[in-house]
Each structure stands twice: as structure tokens, then as C-alpha cells.
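Visitor: Please walk me through this one, starting with whatever spot you like.
Guide: Happy to; here it is.

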Amino acid sequence: MAKVHPNMAPAPGAVGEAPCAPASSAEGPTTLTVWRKSLLFDCKGFTVFDATGNLAYRVDSYASESGDEVVLMDAAGRPAFTVRRKRFSLQGEQWLVFSGEETRRPVYTVRRSGRGKTLAHVTACAGAGAGPSYDYEVEGSYARRSCVVYDGERRAVAEIRPKEVVGTDVFRLVVQPGVGVSLAMAVVVALEQMFARPSLLRSWSTVD
């Protein structure tokens with residue numbers, strides 16, 4: 001079986017960016033390996049490595065937690081985004097994405113779609129400093145780890161790809177230049193909450 005976590009040192013540079021800033025390389029796409037497993041005992045979550053095998057991001061959710069709020073951290077344990085489920089939504093299931101640990105004003109919403117091959121709509125919130133070009137659609141199948149994120153001009157800006165041999169618990173996230181890698185990873189966290197059955201991070205006994 002392929003080695004999932006070759007190095008445990010934090011990745012230099014890329015993951016220390018401000019959460020909304022573009023973080024992918026100007027020279028080419030950023031490729032991450034996402035492992036649906038926490039490195040902490042008695043936790044569920046994600047461990048994410050960069051192309052050189054260094055730790056890039058992590059999500060740790062204790063079994064006692066509902067999973068309705070999840071914090072995406074960089075390799076040093078600094079919060080990049082907080083992803084929280086919106087209660088009592090009239091537009092279907094929605095997850096709010098907040099910068100860092102601040103949970104008063106979301107910067108994005110991820111809304112589940114019931115139309116055709118579109119899985120979700122990612123929309124910048126008013127006052128978040130992002131224009132229409134920062135709205136995205138996610139198409140494909142999260143269950144198969146095969147999804148494409150398109151921007152407002154129908155350009156593929158990120159992809160979730162299955163990783164050969166190792167099954168659906170390990171997959172790749174490929175982010176094109178000019179797109180925030182932290183944001184792309186936050187969208188993965190939201191997709192996990194909405195489409196994984198059972199979710200790795202969320203207890204489905206939670207009552208809305």
C-alpha cells in the first residue's frame with residue numbers, strides 16, 4: 001500500500017497564508033493528499049499533506065462533538081477557516097465558512113444543490129470582499145471522490161480526484177493557480193458534511 005504520510009514536519013510557506021488569499025503557486029497547480037483520518041487519539045478528522053509529504057492541514061473532531069462546527073487548521077494548528085452548519089435554512093442544507101475562528105460574519109456559504117450533477121454552490125457573502133468571480137459550483141460525485149469546482153466563467157479551478165489503490169479514505173485535491181488553497185480545503189470539509197454517509201466528522205443523530 002502506498003505510504004500515506006511520509007513526513008510530519010509542517011509544510012513551509014503555503015499554508016501560512018491569510019485564509020482568503022490566493023495560495024496556490026503561480027507556476028502550476030497545488031496538489032494535496034487528503035487522508036480521512038485524524039492523527040490524534042479518539043478523534044475523527046482529516047490529515048492533509050502537500051506534494052513533498054509535509055503536513056499541510058488538519059481537522060480534528062472528538063467523538064463526543066456533533067460535527068456541526070468544524071475548524072480547519074494549518075500545519076501549525078492555526079485556524080484557517082471554521083465551517084458551521086446553518087440552522088433553519090429555507091434554501092436547503094447550508095454550511096457557513098468563517099475566516100479563522102471568528103464566527104460572526106461568514107465569508108462564504110456552501111449550499112447543497114439538488115439539480116442534476118451540481119453538488120453544491122459556493123457563494124461569497126456580502127461584505128466579504130469577493131466579487132461575482134469568486135462564486136463557484138461543485139459538480140461530480142463526492143462519494144467517488146471525483147468532483148470539479150468551476151468558477152463563474154466555467155473554468156475548472158479545483159478538483160477532487162481518487163487516489164489509486166488506497167480507496168476513498170485517501171484522495172487528491174488539486175487547486176489551480178490564483179485560488180485559495182485553504183478555501184478549497186474548507187469546501188472539501190463542507191462536502192464531507194453534506195455527502196458522506198456516515199460523515200467522518202458529524203454525528204447524524206444530531207437533531208436540526
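**Starting from T118**

Guide: Leaving aside residues up to four places away in sequence, T118 touches S113, E137, V138 and E139, where a contact means heavy atoms within 4.5 Å. Before we go on, this is a predicted model, in which local features need pLDDT of at least 70 and side-chain atom pairs count only at pLDDT 80 or more, while totals for chains, interfaces and linings use all residues. Residues are numbered from 1 along each chain as its sequence is written, and side-chain values use heavy atoms, with hydrogens and water left out.

Visitor: Is T118 buried or exposed?
Guide: T118 is buried, at a relative accessible area of 11%. The cut-offs are under 20% for buried, over 50% for exposed and partly exposed in between, using a 1.4 Å probe and protein chains only.

Visitor: And which element is T118 in?
Guide: T118 belongs to strand β8, residues 118-124. Elements are DSSP runs numbered from the N terminus: helices are H or I of at least four residues, strands are E of at least two.

Visitor: Which strand does β8 pair with, and in what sense?
Guide: β7 and β8 are antiparallel partners over five bridges; strands count as paired if DSSP finds at least two bridges between them. Within that pairing, T109 has T123 in β8 as its bridge partner. The β7 and β8 hairpin has five residues between the strands, and there G116 has a positive phi near 55°.

Visitor: What's on the β6 side of β7?
Guide: β6 pairs with β7 (residues 108-112) in the antiparallel sense, over four bridges. V97 is opposite Y108 in β7.

Visitor: Keep going back along the chain, please. How many bridges join β5 to β6?
Guide: Five, and β5 and β6 run antiparallel. R85 has W95 as its bridge partner in β6. β5 also pairs with strand β4 (residues 69-74), antiparallel over five bridges, and there L72 has F81 in β5 as its bridge partner. The hairpin of β4 and β5 has four residues between the strands, with G77 at a positive phi near 90°.

Visitor: How covered is β5?
Guide: Mostly: five of the seven residues of β5 are buried.

Visitor: Changing topic: how many aromatic pairs does the structure hold?
Guide: One. Y142 and F171 make up that pair, edge-to-face at 6.3 Å centre to centre with 80° between the planes. The pair links distant parts of the chain, with Y142 in the loop between β9 and β10, F171 in strand β12 (residues 167-175), and 29 residues separating them. For reference, rings of Phe, Tyr and Trp (its six-membered ring) pair with centres within 6.5 Å; planes under 30 degrees apart are stacked, over 60 edge-to-face, the rest tilted. Y142 and F171 are both buried.

Visitor: What lies over the face of Y142?
Guide: R145 does, 4.4 Å from the ring centre. The test is NZ of Lys or CZ of Arg within 6 Å of the ring centre and within 35 degrees of the ring normal. R145 sits in the loop between β9 (136-141) and β10 (146-150) and is buried at 5% relative accessible area. R145 also has a positive phi, near 55°, although not a glycine.

Visitor: Which ring does the charged end of R154 sit over?
Guide: The ring of Y150, 4.0 Å from its centre. R154 is in the loop between β10 and β11 (156-163), with a positive phi near 65° in a residue other than glycine. At 46% relative accessibility, R154 is partly exposed.
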